[in-house]
Amino acid sequence: MVQSPCGQIKAVALRLLPSLQSSEQRERKVAILILNEFLYSPTLLEVLSEQDALSVLAQSLRDPSPEVQVLSLQGLRNILFHPEKGRLLRGQLPPFLSGFFQNSEPVVVRVMGAVSDVLHRLGAHGAGAQSLAVAINARAFFDDERDGIRAASMALFGDLVAAMAGKEPSSLRTQVHQSMVPLLLHLKDPCPAVVTQAKFAFYRCSMLLRWRLPHTLFCTLAWEKGLCARHFLWSSLMTQSQEEFSIHLSQALSYLHSHHHHIKTWAALFIGYTGCFHTQATSQTVTDSDLKLLFCTFENLRKDLEPGIRESATRLSGFFQELAARRK
């Protein structure tokens, strides 16, 4: 709710306040947990002033439950009450970013998680000018050979996009546009954790770019599978990011060299859809060597186990043969 533009924070916050006085410990604990998260949303200040929020947390310090007391202390440490923490937290980012290049996969995953935690603690203050460095460094590991690092880098990128939504610099929007095809193709990653993080990051990017039909997009990412879902995601990207056409197509072409069969297949189908609906623009972007690689890829896909892919590969192979013939 905090990381997405949710209009219900105000209403939920109003329901929370009486729960802090409940005789049930569990209800008080849940209320203080949610309140602590809402402290990261500017919307909360429409319900409680900063001073009133401090008073509520201070009262909870006297709660009979030690757990509620600890959670109240955590809330009192929030950057909302200590804006000077913003500079200190942002100062931690450069050394963390250099830690991305350690050899140990567990270390890199933990460092990326630490950066996500810093972004979360910054709340509405954001990473400022350092958001670009975080984005570039996270994107550099989208295609890493190590599953854990791919997943962690996409999770971090999604967290950054969510944290910066509404106040992102134009340079970050460029990074978001250039991330859409890699994230889309990694929906077919062999690692389930990577697929999950790619879905979250793709959706958060679409929200930042203000794509239409967000609910349909969410449902497609969450539950739909097969060629129909792929076509919907492709059409969403191509109709709402037309100015990035050549970048998207060039990125998809690069994934034809992927060692992962499903990602390579998805890239070939992406290029095929694009060629059929944007023939002239595709012809101007695809080189002769690209066409040879596409012929080889589609020829292999004609033997795929999935009938729909075999049919698409046969049809698209014929299309690109015609495209090559017209060039001659």
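Start with the whole structure: a search across it finds 8 salt bridges, each being a side-chain nitrogen of Lys or Arg within 4 Å of a carboxyl oxygen of Asp or Glu. This is a predicted model, so local features need pLDDT of at least 70 and side-chain atom pairs pLDDT 80 or more, while totals for chains, interfaces and linings use all residues. Residues are numbered from 1 along each chain as its sequence is written, and side-chain values use heavy atoms, without hydrogens and water.

Next, select lysine 29 and glutamate 67, whose side chains form a salt bridge at 3.2 Å, N to O. Lysine 29 sits in helix α2 and glutamate 67 in helix α4, 38 residues apart (helices are DSSP runs of H or I, at least four residues, numbered from the N terminus).

Now color the domains: domain 1 is 8-18 + 32-42 + 55-60 + 73-210, and domain 2 is 225-327, with bounds from an automatic or database domain assignment. The domain centres, taken over C-alpha atoms, are 32 Å apart. How many salt bridges cross the interface of domain 1 and domain 2? The rule finds 0 there.

Finally, show Tyr40, Gln74, Gly75, Asn78 and Arg121: of the 15 residues lining the second largest pocket, these are the closest to its centre. A pocket here is an open set of points on a 1 Å grid over the protein atoms alone, where a 1.4 Å probe fits, with protein on both sides within 12 Å along at least five of seven lines; lining residues have an atom within 4 Å of a point. Helices α2, α4, α5 and α6 each supply at least two lining residues.
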